[in-house]
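User: I have a model open and would like to learn how to read it. Could you walk me through its features?

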Amino acid sequence: MMCITQHLDRKTKIMIALAQNTSITADTSMKILVIEDETKTVNYLRQGLSEQGYQVDTASNGLDGLHLATEGEYDAIILDIMLPGLDGISILKSIRPSVSTPVLMLTAKDALNSRLEGFRAGADDYLIKPFSFLELLARLQVITRRTRTREESHIYIGDLHIDLLSRRAFRGKRRLDLTAKEFALLEVLAKRRGQIVSKTVITELVWDICFDTNTNVVEATVKRLRSKLETDDEPKLLHTIRGMGYILELRK
Amino acid sequence: MIKIQKPRSIAQKLALSYAVSAALILSVTVIGLAYFETSEIDNYQTAEIKNRFSLFSYDVVKAENYDDWLALKNKYKKIIQEDGRRIYIRVDSADERYRINAPFQINPDHLDKHHGFSKQNIDGNFFRIYSKKFPAAGERPEVILSLALDAYYYEDFDQWLDLAFDVFLLISASTIALLGMFIAKRNLQPVDVLSAHAQSISVSNLSQRLPNENLPTELQGLINSFNGVLDRLENSYRRQAAFNSDVAHELRTPVGNLIGQTEVALSKPRSSEELEEIMQSNLEELERLRSIISDMLFLSHADQGEIALNLESCSLADEVRQTADFLEILLEENRNTLKIKGDARVPVESSLLKRVLTNLIGNAIEHGKPDSPITVEIKEADAFAEVTVINFGNDIPEADLPNLFERFYRVSKDRQNSGSNHGLGLSIVKAIILLHRGDVFASSSNGIIKIGFRLPLSNPVSGEEN
């Protein structure tokens with residue numbers, strides 16, 4: 001799903017492939033441990049994750065983090081590399097292999113080597129600071145493997161009906177005349193209905209492109225899709241969240 | 001065994017080599033001369049002794065009876081002194097009466113061996129001897145007449161000459177060594193001067209170069225290379241410095257917007273819709289910052305060669321087609337058609353190559369004329385595959401072409417349109433191509449803009465597995 005391509009092991013890649021074909025909804029009972037010393041980061045992560053339905057514990061130094069990671073029962077650990085007391089890599093090394101909780105590493109500094117080091121020490125994924133919260137959410141969903149693996153063949157949002165098998169979409173009785181790319185975009189948004197999907201994720205899932213393209217391809221394609229999806233007298237379904245991405249949902 | 005490496009002076013080495021060669025050549029000459037001189041002296045002595053001998057032999061041949069012989073014997077019995085040189089006469093004969101004694105001996109059997117010549121030491125002096133057999137005549141029986149001539153004078157001369165040669169050899173060799181040392185030192189003096197110059201170069205005067213005038217040709221090559229190194233260092237140092245200042249400048253605008261906007265927002269109570277609006281705007285600025293930072297990190301990793309390449313043989317035309325597929329909607333909106341000419345297979349990291357192609361074709365769409373074709377030409381030349389993106393547009397000024405791939409370089413200096421485009425696109429292209437050991441190029445004339453790159457057909461970079 002995310003562009004972590006060559007550093008991921010096979011299992012994760014299979015998981016990503018699975019995630020691409022299934023609806024993704026967070027399991028609300030999940031417990032997350034955040035080990036991070038930067039107060040602002042901790043605060044927004046706690047708030048953001050709580051609002052997404054996760055239960056969040058935090059540790060602001062390495063030793064507390066190690067203690068919680070060893071003793072607590074978590075579904076995932078978000079682990080910063082630079083920590084006072086004990087650094088992230090050391091924590092990871094001491095909890096592996098007895099603790100198999102998925103770990104998402106956060107790296108800030110010129111971290112290419114520490115990233116590799118992190119993978120060697122057993123991290124499941126990494127994010128380079130600065131990162132977007134949406135990206136963190138998306139990766140968290142991948143590594144917790146608790147995503148609902150529900151095979152869907154039809155998706156209904158308001159009067160929008162998407163037939164994933166025959167690759168056709170209808171708005172009420174009106175058949176939408178979509179190109180392959182437009183349909184792929186609609187599918188990505190529909191499978192994540194009610195969630196904000198970032199442009200980065202769209203670029204990766206629709207075009208399999210994993211770098212900042214600095215182009216308006218996503219905006220232009222969304223515009224086209226929207227013009228076909230929504231006529232003036234129909235309720236809006238495809239919303240732009242400025243600065244973040246797009247969301248497909250019926251707003252009351 | 002520990003070998004102590006002494007610092008070696010070129011001047012000393014040269015002087016030593018001169019001295020050794022001179023000594024060798026002079027030795028050969030001197031040995032030749034000595035041999036020549038010895039044989040000359042020998043010839044002279046031979047002639048001299050034969051000359052004297054003939055005076056005596058005349059008497060001997062004539063003395064055919066005993067009376068004559070007695071007279072002759074009395075005449076020769078004493079040691080003959082001439083010019084301070086001693087002569088001994090000896091006559092050997094079967095008849096005792098026909099003998100004259102002398103303080104040396106003759107071996108009659110060896111007479112034929114050296115044509116009658118021999119050498120002997122008599123009373124501690126060196127003598128040359130000549131002997132000849134005279135057949136019996138009249139009453140006189142067969143006799144052997146020997147004449148010993150003092151050769152001391154010549155031997156002395158010979159020895160003296162040898163000594164003179166040796167001394168000459170020694171003096172010449174050491175003079176040549178000293179001269180050589182002097183000449184070498186004198187000619188190597190520019191090296192000391194250069195060294196002093198080089199020591200004075202530092203970051204604060206990076207534009208200083210080593211003087212190239214009045215230098216021996218041998219040193220000019222070295223100095224040119226060294227100055228070339230300085231050029232490149234200065235260039236990259238200045239670029240680095242400029243880059244830092246560009247980065248600061250580039251970050252200042254969005255950060256300034258963020259501070260200002262947020263301050264304005266907070267200075268009065270706002271509705272939640274207003275606040276939301278402001279935060280969304282902030283997020284856009286922040287996204288721009290994030291993008292600059294991630295591109296800069298990418299460039300910095302690329303500069304330090306920290307990006308591991310997973311090279312796979314790819315068809316360039318396929319990669320262009322996939323990129324065009326991504327950019328299709330933009331091509332359509334700008335009513336550009338994309339033509340792909342030719343193909344080549346090269347070892348590349350596909351995701352990095354797509355980034356290059358997206359940047360180049362994206363630029364061609366963004367800056368090119370609407371309603372015009374964009375051509376991607378792929379051809380093989382020597383050991384390289386060359387990919388050129390050709391589009392119609394406003395010519396890039398000649399002066400801008402060399403800087404096109406520099407970081408944050410923009411042809412138009414106004415920062416319009418810099419929302420999505422922060423001037424790092426082409427430097428990322430260059431960085432990726434350099435990682436693949438290729439190079440980039442750009443040209444522009446008559447409204448046709450060509451920007452492209454060359455990649456080696458077989459890449460020396462091996463994919464690193466981590």
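This is a predicted model: local features need pLDDT of at least 70, side-chain atom pairs count only at pLDDT 80 or more; totals for chains, interfaces and linings use all residues.

User: What share of the 466 residues of chain B counts as buried?

Analyst: In chain B, 22% of the 466 residues are buried. As for how the chain folds back on itself, take the contacts between residues at least 6 apart in sequence: in chain B, 67% of these join residues at least 24 apart.

User: How should I think about a nonpolar core, and which residues touch the most other members of the largest one here?

Analyst: The general idea is that in soluble globular proteins, nonpolar side chains tend to be buried together. Here the largest nonpolar core has 93 residues, and those touching the most other members are A:I35, A:I77, A:I78, A:L79, A:L104, B:V356 and B:V429. Another core, of 23 residues, lies apart from it and includes B:V91, B:Y98, B:I100 and B:L147.

User: What does B:V429 touch, leaving out residues up to four places away in sequence?

Analyst: Its partners are B:V356, B:N359, B:L360, B:F405 and B:V440.

User: Now the contact between the chains. How many residues does each chain give?

Analyst: Chain A contributes 21 residues and chain B contributes 26 residues. On the side of chain A that touches chain B, the elements giving two or more residues are α5 (112–121) and α9 (217–229) of chain A. The largest share, four residues, comes from α9(A).

User: And how do the residues on that side of chain A divide by type?

Analyst: There are ten nonpolar, eight polar and three charged residues on the side of chain A that touches chain B.

How values were computed: Residues are numbered from 1 along each chain as its sequence is written. Chains are lettered from A and ligands numbered from 1 in the order in which they are written. A nonpolar core is a set of buried Ala, Val, Leu, Ile, Met, Phe, Trp, Tyr and Cys residues joined through C-beta atoms within 7 Å. A residue is buried if 20 or more other C-beta atoms lie within 10 Å of its own, exposed if 12 or fewer, and partly exposed in between; C-beta atoms are placed from the backbone. Two residues are in contact if their C-beta atoms, placed from the backbone, lie within 7 Å. Ala, Val, Leu, Ile, Met, Phe, Trp, Tyr, Cys and Pro count as nonpolar, Asp, Glu, Lys and Arg as charged, and the others, Gly among them, as polar.
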